[in-house]
Amino acid sequence: MMMKTAKKLIIIFACICLSFCIIAPATIAVIHSAVMRRYDYSDYNDNLYLTYNDVENEYPRKTISFKSGENTLTAYLYGETNSKGLIIVAPGHTDTNDIKLYEIRYFVDAGYSCICFDYTGCYTSEGSAFGGYSQAVYDLDALLTYVEADIGLSSRPVYLFGHSLGGYAVASVLSKGHSIKAAVSASGFDTPEEQWQYSISRYTGFLYPIIRPLNSLFINLKYGDDKSLSAVDGINSTDIPVLIISAENDSFYGGYSPIYSKRDRITNSNCTFILMDKENHNGHYDYFLTDAALEYQKSNPETNVDKELYMEHDASVMQMIIDFFDTQ
């Protein structure tokens with residue numbers, strides 16, 4: 001009788017384990033698809049953030065179309081006649097090109113031309129979905145190829161700027177062999193594998209050690225070799241000046257940004273590291289913002305929102321980035 005009961009318990013336990021091994025990867029795949037879906041302007045809160053309609057009279061732009069794989073992507077050129085050089089801005093995950101206007105205007109006012117674009121599956125660009133972290137690198141690579149082939153753009157020195165996913169993309173793309181003068185990577189991660197592992201761990205907590213092998217299986221199936229497409233490797237593939245900016249308490253990474261955390265592995269001698277550790281300005285993005293902006297956000301304005309104040313950038317932080325570009 002005890003033997004039969006033991007066998008039943010073993011069978012039940014085996015069924016539970018098998019179900020878990022099937023359900024967990026499927027759940028991870030569903031979550032990934034939801035996070036890496038297509039994004040449209042219905043996902044963008046134009047009540048809080050700038051759109052081009054808010055600034056078009058002061059900052060005219062030219063529309064650019066280029067191919068990335070099978071999709072046609074859209075980019076916008078600002079300050080077309082500026083002579084200092086061309087800064088290409090890579091957006092963050094889920095960001096539209098519009099929200100980078102807060103930074104773009106600083107660059108244009110400082111004398112640079114500036115291009116910002118929408119990734120595959122995002123906003124003004126084609127694609128049924130964004131798909132995954134490595135897509136940002138392929139899209140930026142395609143844009144750089146377009147710039148190098150364009151007579152009006154190819155003669156300008158090219159600089160890269162990106163935050164978060166954009167910070168990952170501008171560092172990783174350095175391994176693609178383009179002629180880049182300098183790059184600024186703010187709050188960027190190192191690899192798709194590492195970032196997705198951390199993303200799942202944030203939401204599964206103490207269960208993560210059990211889930212991790214199944215998450216690793218999903219990553220291998222989804223990303224293949226792209227899982228190791230590394231920002232650190234991109235930085236090490238070149239000797240151009242690269243500025244790495246990290247916050248001290250970035251909740252997206254559990255502390256320092258992964259690139260900054262791996263600074264002892266970076267062999268590019270022209271790499272500079274800056275840690276943002278000022279109180280209330282030491283998170284994923286808040287170091288770009290003024291005290292007034294953060295206070296205004298806390299007030300939760302609902303109507304007649306001052307979009308400029310809501311995301312008011314710290315002029316000293318932006319000037320630090322511009323000075324870095326100016327001195328290269």
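This report describes selected parts of a predicted model, from its nonpolar core to its salt bridges and loops.

## The nonpolar core

The largest nonpolar core has 101 residues. Within this core, the residues with the most contacts are Ile88, Phe107, Ile115, Leu160 and Phe325. Helix 3, which covers residues 134-149, gives the most to this core, with seven residues. In soluble globular proteins, nonpolar side chains tend to be buried together.

Leaving aside neighbours within four places in sequence, Ile115 is in contact with Ile64, Ala75, Tyr76, Leu77, Leu86, Ile87, Ile88, Val89, Leu143, Val147 and Leu153. One of these contacts, Ile88, is itself among the residues with the most contacts inside the core.

## Helix 2 and its surroundings

Is helix 2 enclosed or open? Helix 2 spans residues 101-109, and seven of its nine residues are buried, so this helix is largely enclosed by the rest of the structure. The buried residues are Leu101, Tyr102, Glu103, Ile104, Arg105, Phe107 and Val108. They pack against several other elements: strand 2, strand 3, strand 4 (113-117), strand 5 (158-163), helix 10 (307-310) and helix 11.

Just after helix 2 comes Gly111, which takes a positive phi of about 105 degrees.

## Tyr78 in strand 2

Tyr78 lies in strand 2, which runs over residues 71-78. Its relative accessible area is 1%, and because buried means under 20%, Tyr78 counts as buried. Not counting residues up to four places away in sequence, Tyr78 touches Tyr52, Tyr59, Pro60, Arg61, Asn97, Leu101, Ile104, Val108, Tyr112, Ser113 and Cys114. Among them, Leu101, Ile104 and Val108 are buried residues of helix 2.

Two of these partners have a distance to report. The C-alpha atoms of Tyr78 and Val108 are separated by 7.0 Å, although the two residues are 30 residues apart along the chain. The side chains of Tyr78 and Arg61 are joined by a polar contact of 2.9 Å.

## Salt bridges

How many salt bridges are counted in the model? The count comes to ten. One of them links Asp43 with Arg37, where the closest N and O atoms are 3.2 Å apart. Both residues of this pair are partly exposed: Asp43 has a relative accessible area of 36%, and Arg37 has 32% relative accessibility.

Another salt bridge is formed by the side chains of Lys84 and Asp326, at 3.1 Å from N to O. Lys84 lies in the loop between strand 2 and strand 3 (86-90), while Asp326 belongs to helix 11 (residues 315-326), so the pair ties together parts that are 242 residues apart in sequence. Lys84 is partly exposed, at 37% relative accessibility, and Asp326 is partly exposed too, with a relative accessible area of 34%. Salt bridges that share partners also join Asp190, Glu194 and Lys262 into one network.

## A buried charged pair

Are Lys100 and Glu103 buried or exposed? Lys100 is buried, and so is Glu103. These two residues form a salt bridge, with the closest N and O atoms 3.5 Å apart. Glu103 is also one of the buried residues of helix 2.

## Positive phi in two loops

Which residue of the loop between strand 4 and helix 3 is described here? It is Tyr123. The phi of Tyr123 is near 55 degrees, a positive value in a residue other than glycine. Tyr123 counts as buried, at 7% relative accessibility.

Ser164 lies in the loop between strand 5 and helix 4 (165-172). Its phi is near 60 degrees, again a positive value in a residue other than glycine. At 13% relative accessibility, Ser164 counts as buried.

Phe206, Leu207 and Ile210 make a nonpolar surface patch of about 350 Å². Leu207 has its place in the loop between helix 5 (192-204) and helix 6 (208-223).

Note on methods
Residues are numbered from 1 along each chain as its sequence is written. This is a predicted model: local features need pLDDT of at least 70, side-chain atom pairs count only at pLDDT 80 or more; totals for chains, interfaces and linings use all residues. Side-chain values use heavy atoms; hydrogens and water are left out. Helices (H or I, at least four residues) and strands (E, at least two) are DSSP runs, numbered from the N terminus. Buried means under 20% relative accessible area, exposed over 50%, partly exposed in between (1.4 Å probe, protein chains only). Contact means heavy atoms within 4.5 Å. A polar contact is a pair of N or O atoms within 3.5 Å; within protein, one must be able to donate a hydrogen and the other to accept it, and residues adjacent in sequence count only if both atoms are side-chain atoms. Patches are made of residues with over 30% relative accessible area and no salt bridge: like charges are joined within 9 Å, nonpolar side chains (Val, Leu, Ile, Met, Phe, Trp, Tyr) within 5 Å. Accessible areas come from the Shrake-Rupley method with a 1.4 Å probe; for residues, only the protein chains shown count as cover. A salt bridge is a side-chain nitrogen of Lys or Arg within 4 Å of a carboxyl oxygen of Asp or Glu. A nonpolar core is a set of buried Ala, Val, Leu, Ile, Met, Phe, Trp, Tyr and Cys residues joined through side-chain atoms within 4.5 Å.
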